Amino acid sequence: MVGLGIEALRLEEWQRLLRVALGEEPADLVLRQARIVNVASGEIEEADVAIVFGRIAGIGTYRDGHEEIDLTGAYLAPSFIDGHVHVESSLLWIDQFARAVVPHGTGAVVTDPHEIANVAGLAGIRALAEAAAGLPLGVFLTIPSCVPASPYESAGAVMDAAAIAEGLRLPNAVALGEMMNFPGVLAGEAEIYEKLRLPARRRDGHAPGLRGSRLNAYIASGMGSDHESTQLEEAREKLRRGLQVMIREGSTEHNLLELLPLVTEATYPRCCFASDDRDCATLLHDGHMDAILRKAIAAGLDPIRAIRLATLNTAEYWGLDGYGLVAPGYWANLVVFDRLDDIRPRLVLFQGEVVAQDGKATFRTSRTIPEWLLDTVHVAPIDRARLRLPACDRMIAVEAIPGQIVTRAIEVEPTVRDGEVVADPERDLAKLVVVERHRATGRVGVGLVRGFGLRRGALASSIAHDAHNIVVVGVDDGDILAAIDAVVAMRGGLAAVADGLVRAQLPLPVAGILSPEPLETVAEQYEAVEQAAREMGSRVPAPFALLSFMALSVIPEARVTDHGLVVLR
């Protein structure tokens, strides 16, 4: 059982809970005259909520409490749950991630920590889980199933079936993480079989573009959910075949408006919301699940139903007992807001304690980061010759698609100079370079990419889903090398370089993918590198976020990894 049930209470605590529920004894806290969003019945109830031992004892009329909060006229809903997220994509260590999302009404996340696992394996997952203990946020783990994501990229760690089995025994583990290697599943690989047969209540899916018999085979292998749909009919087919469809709305993956028509009177119990990836600036300025709810409601989804997709549906799918409903016995993880049509949390409670007010966290955090996680970037010397692409008449290039993590494989006639293929900013063709950074092998993959719009310079990042090697897009080889050097010098991070000068940078020394600094500092630095990218000509809304997916070898159609060009169709 995930969460806390009656068995966790001592006899005298249970007896007191009963007396509070019966109105015979004062509650620890009474929330007065709340307009309760009942996502089970689809209605608004006006009542008091009595809370004891961090959980809801009763709903109705309660005359006194040791503490009281008057909510007359305000709405009270269960706090929101992100059905699938990689918390590392915020660029924040877990304490600052909590500071970012809790004020937006988030009470729990189901996170697949495969970003830190690709760098540091099970030890990295344990470090993250230990740092999350004591935060006013339910952090539930799906244990990464694909580290590395595929044979076409080099990660810093390998999680075989034995390591995954050990991870599944962690206290807050709820499932096998997303099975990204769908080609391996469809091929019936023995290594995949050993992972799928591990005892897990759920197996999270990852099926971008799978349809027909290939989708049947994938689902028949045990997967129960998917968050990768980008087209309505794709999502509809997945729902028909029994998958829980997670409607994704992240910083770079904007699928909500396309998929929202899927949610009907008949289908809504099988749908929920997920962010997948939200960076620190998006979290600070736009929000988390509350922002997804605002967008869905503005697009016409009934507000109570929208809230259910961010609470009860998610909790029931993942088996998060005590989460997702304002009802007796449930945790008092609650969010207060004034307008049902424009949800902006003004009070957030976690286990009956106020943890955020008026958009600000009211809880303290303590940072626990193992020293070994601050030394994970190891790169062999790279010279200009390693960036060379031999002259050719035609070649396959990667076409980036703003707002999506899928790409296109396109055939181009490259620009050739002095016997080699060069970047051509006039045609929006830049070099895409990936450098192995875990074991200093010196392995470098080079290709061409269209869609970034760079006119000069280079952008480099040690965030490169999922193996997190150093990925660079640039139109000048000298700037590409300088950007790589800048990332290495920071022990991981983001860098924008033009004319040989670092224009902006964001250090990410924790596993080369996270900052130990406060949310506001990291968001400011992130916005600075994004602004520098725009000044260098990039016309995409979030260039570094888009760059981070250019080496992800399990998403169609084309990528560049440290092994070179990968085409998936």
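Colleague: Where is the place of Asp 418 in the chain?

Modeller: In this predicted model, Asp 418 sits in the loop between strand 20 (415-417) and strand 21 (420-422).

Colleague: Is Asp 418 buried or exposed?

Modeller: The term "exposed" requires over 50% relative accessible area. Asp 418 has 73% relative accessibility, so Asp 418 counts as exposed.

Colleague: What can be said of the phi of Ala 440, and where is its place?

Modeller: The phi of Ala 440 is near 55°, again a positive value in a residue other than glycine. Ala 440 belongs to the loop between strand 22 (429-435) and strand 23 (444-450). With 35% relative accessibility, Ala 440 counts as partly exposed.

Colleague: Which residues does a cis peptide bond join?

Modeller: A cis bond joins His 465 and Asp 466, with omega about 0°. Asp 466 is found in the loop between strand 24 (458-461) and strand 25 (470-474). A cis bond also joins Pro 556 and Glu 557, where omega is about 5°. Glu 557 has its place in strand 28 (residues 557-561).

Colleague: Let us turn to a helix. Which residues of helix 7 are buried?

Modeller: Helix 7 covers residues 212-220, and its residues Leu 215, Tyr 218 and Ile 219 are buried. Seen down the axis of helix 7, the buried residues fall within an arc of 95°, so they line one face of the helix. On the other side of helix 7, Ser 213 and Ala 220 are exposed.

Colleague: What do the buried residues of helix 7 pack against, and what follows the helix?

Modeller: They pack against helix 5 (182-186) and helix 8 (232-240). Helix 7 is followed by Gly 222, whose phi is positive, near 115°.

Colleague: Which residues does Leu 135 touch?

Modeller: Not counting residues up to four places away in sequence, Leu 135 touches Ile 94, Asp 95, Ala 98, Phe 350 and Thr 365. The C-alpha atoms of Leu 135 and Val 355 are separated by 9.9 Å, while the two residues are 220 residues apart along the chain.

Colleague: Which domains does the domain assignment of the chain give?

Modeller: The assignment gives domain 1 (83-320) and domain 2 (372-568). The contact between them takes 43 residues from domain 1 and 45 residues from domain 2. Taken over C-alpha atoms, the centres of the two domains are separated by 25 Å.

Colleague: How many cavities of 30 Å³ or more are there?

Modeller: Rolling a probe the size of a water molecule over the atoms shows where empty space is left. In this model the count comes to four cavities of 30 Å³ or more. The largest cavity has a volume of about 150 Å³.

Colleague: Which residues line the largest cavity, and where does it lie?

Modeller: The largest cavity is lined by 16 residues, of which Ser 89, Leu 91, Tyr 526, Ala 545 and Ser 548 lie nearest its centre. The lining divides into seven nonpolar, six polar and three charged residues. Domain 1 (83-320) and domain 2 (372-568) both give residues to this lining, so the largest cavity lies between them.

Colleague: What is the volume of the largest pocket, and which residues lie nearest its centre?

Modeller: The largest pocket has a volume of about 430 Å³. It is lined by 24 residues, of which Ser 251, His 254, Asp 279, Thr 282 and Ala 542 lie nearest its centre. The elements that give two or more residues to this lining are helix 10 (280-285), helix 11 (289-298) and helix 15 (519-535). Helix 15 gives the most, with four residues. The lining of the largest pocket divides into eight nonpolar, eight polar and eight charged residues.

How values were computed:
Residues numbered from 1 in each chain as written. Predicted model: local features only at pLDDT ≥ 70, side-chain atom pairs only at ≥ 80, totals over all residues. Heavy atoms only, no water. Buried < 20%, exposed > 50% of the residue type's maximum accessible area, 1.4 Å probe, protein only. Arc of directions from axis to C-beta. Contact = heavy atoms within 4.5 Å. 1 Å grid on protein atoms, 1.4 Å probe; cavity = no way out; pocket = protein on both sides within 12 Å on 5 of 7 lines; lining within 4 Å. Points joined across faces, edges and corners; volume = space filled by probe spheres on them. Nonpolar A, V, L, I, M, F, W, Y, C, P; charged D, E, K, R; others polar. Domains from an automatic or database assignment.
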